[in-house]
Amino acid sequence: MARACHQCEKKCGKNAGGVDPTVLKKLEEGYAKLTSSTSKSLLKKHLAQPIFDRLKNKRTSFGSTLLDCIQSGLENHDSGVGIYAPDAEAYDVFADIFDPIIEDYHMGFAKKDRHPPSNWGDVSLLGNVDPNGCFVVSTRVRCGRSLEGYPFNPCLTEGQYKEMERKVSSALSNLKGEYQGKFYPLTGMTKTDQQKLIDDHFLFKEGDRFLQAANACRFWPTGRGIFHNDNKTFLVWCNEEDHLRIISMQQGGDLGEVYRRLIGGVDLIEKSLKFSRSDRLGYLTFCPTNLGTTIRASVHVKVPKLAKNYEELEEIAGRFNLQVRGTRGEHTEAEGGVYDISNKRRMGLTEFEAVKEMHDGILEIIKQEESK
């Protein structure tokens with residue numbers, strides 16, 4: 001059953017009094033189980049008892065409590081991170097737990113640090129990482145965006161979901177040229193449209209258990225939708241995990257072309273929609289792993305020789321701050337020696353620098369694969 005934030009009344013506004021006793025009880029019980037578990041999550045690592053005690057009675061103006069932030073990690077002890085922001089304010093109100101997790105995940109982005117201004121850089125410096133087409137199956141660059149003035153999934157009302165979908169679909173309907181396409185609302189989607197999106201691997205489904213536990217799938221499928229251009233190289237997901245996921249992708253290794261298309265699409269959308277951004281943390285999103293640039297540049301790359309020595313592949317990737325995942329992304333296995341490799345750092349560097357790390361790392365991985 002869909003429910004709002006733990007401290008919300010009706011439309012997730014402010015309510016009188018402190019944190020509800022039932023919420024405190026759930027927090028205490030969940031925290032006790034987490035601390036006695038074998039969890040290796042960043043939540044368990046950084047949520048010491050004094051911090052827990054300081055934060056358990058706090059809430060944001062949207063009514064979000066500590067439970068709204070950490071309930072996924074309390075329920076899923078196999079989480080890697082275990083915390084989400086139910087609204088933008090949570091990053092400040094619950095900074096005592098968010099800041100150390102952000103610093104840990106984003107490789108030293110400390111509380112005193114400020115994310116640099118947005119800078120897409122010189123696209124001409126990024127080319128095709130696999131011009132002969134021997135290794136890279138496909139290339140994808142995406143970013144996340146939140147609409148200013150709205151909370152994140154756990155605090156959104158059904159009306160707000162619908163309102164956001166209208167605004168997003170309207171903005172996307174004005175796109176022209178290579179970006180022109182169609183918006184497909186998940187609500188009332190025809191079988192034909194559904195099958196078309198499944199065949200193209202564009203259709204997202206209701207969230208996994210980590211998002212479910214974070215209360216990120218309320219009123220599903222209301223307010224959700226998918227846009228893609230006619231060439232199927234530019235996509236926008238509306239209200240999947242973040243308000244917007246803007247994606248540029250194509251077969252092969254032409255990272256420069258994919259990145260150029262993403263920049264143009266973001267610039268066009270930003271003319272119609274205002275995004276939520278913090279001077280310190282950069283673009284604000286639901287998951288703290290996606291703050292800052294929010295950029296994830298990735299390739300599906302065939303490296304069967306390196307796949308036989310996974311530790312070597314991980315070592316090369318680590319040198320360039322890259323993350324190695326299975327073929328179908330997080331929590332999956334590699335299929336036929338094909339890995340999903342992407343930049344891990346999203347904070348404390350510019351959009352261009354984040355993509356350049358992936359660019360340089362993939363060139364090195366291909367070089368090592370060729371030398372085997």
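In this predicted model, the hairpin made by strand 4 and strand 5 has 5 residues between its strands, and Asn-239 in that hairpin takes a positive phi near 60°. Strand 4 covers residues 234-238 and pairs with strand 5 in the antiparallel sense, over 5 bridges. Within this pairing, Leu-235 has Ile-247 of strand 5 as its bridge partner.

Strand 5 also pairs with strand 1. Strand 1 takes in residues 136-145, runs antiparallel to strand 5 and is joined to it by 8 bridges. Here Gly-144 stands opposite Arg-245 of strand 5.

Next come the aromatic rings. A pair of such rings is described by two things, the distance of the centres and the angle of the planes. The structure holds 9 aromatic pairs. One of them is formed by Tyr-31 and Phe-52, with 4.1 Å from centre to centre and 5° between the planes. That angle is under 30 degrees, so the pair counts as stacked. Tyr-31 belongs to helix 1 (residues 21-35) and Phe-52 to helix 3 (residues 49-55), so this pair ties together parts that are 21 residues apart in sequence. Both Tyr-31 and Phe-52 are buried.

Tyr-310 and Tyr-339 make another pair. Their ring centres are 5.8 Å apart and their planes sit at 35°, so this pair is tilted. It links distant parts of the chain, as Tyr-310 is in helix 12 (residues 310-319) and Tyr-339 is in strand 10 (residues 338-343), 29 residues apart. What about cover? Tyr-310 counts as partly exposed because its relative accessibility is 35%, which falls between the 20% and 50% cut-offs. Tyr-339, on the other hand, has a relative accessible area of 9% and is buried, since buried means under 20%.

Aromatic residues also gather in a group: Phe-204, Trp-220 and Trp-237 form one aromatic cluster. Charged side chains turn up over rings as well. Arg-224 lies over the face of Tyr-161, at 4.1 Å from the ring centre, and Lys-344 lies over the face of Tyr-105, at 5.0 Å from the ring centre.

Finally, there is a record to set beside the model. An unreviewed UniProt entry annotates residues 23-107 as "domain: Phosphagen kinase N-terminal". In the model, this span is 59% helix and 0% strand, and its end C-alpha atoms lie 33 Å apart.

Note on methods. Residues are numbered from 1 along each chain as its sequence is written. This is a predicted model: local features need pLDDT of at least 70, side-chain atom pairs count only at pLDDT 80 or more; totals for chains, interfaces and linings use all residues. Side-chain values use heavy atoms; hydrogens and water are left out. Rings of Phe, Tyr and Trp (its six-membered ring) pair if their centres lie within 6.5 Å; planes under 30 degrees apart count as stacked, over 60 as edge-to-face and the rest as tilted. Helices (H or I, at least four residues) and strands (E, at least two) are DSSP runs, numbered from the N terminus. Buried means under 20% relative accessible area, exposed over 50%, partly exposed in between (1.4 Å probe, protein chains only). A charge sits over a ring if NZ of Lys or CZ of Arg is within 6 Å of the ring centre and within 35 degrees of the ring normal. UniProt positions are given in the numbering used here, feature names are shortened, and annotations may be inferred rather than shown by experiment. Two strands pair if DSSP finds at least two bridges between them.
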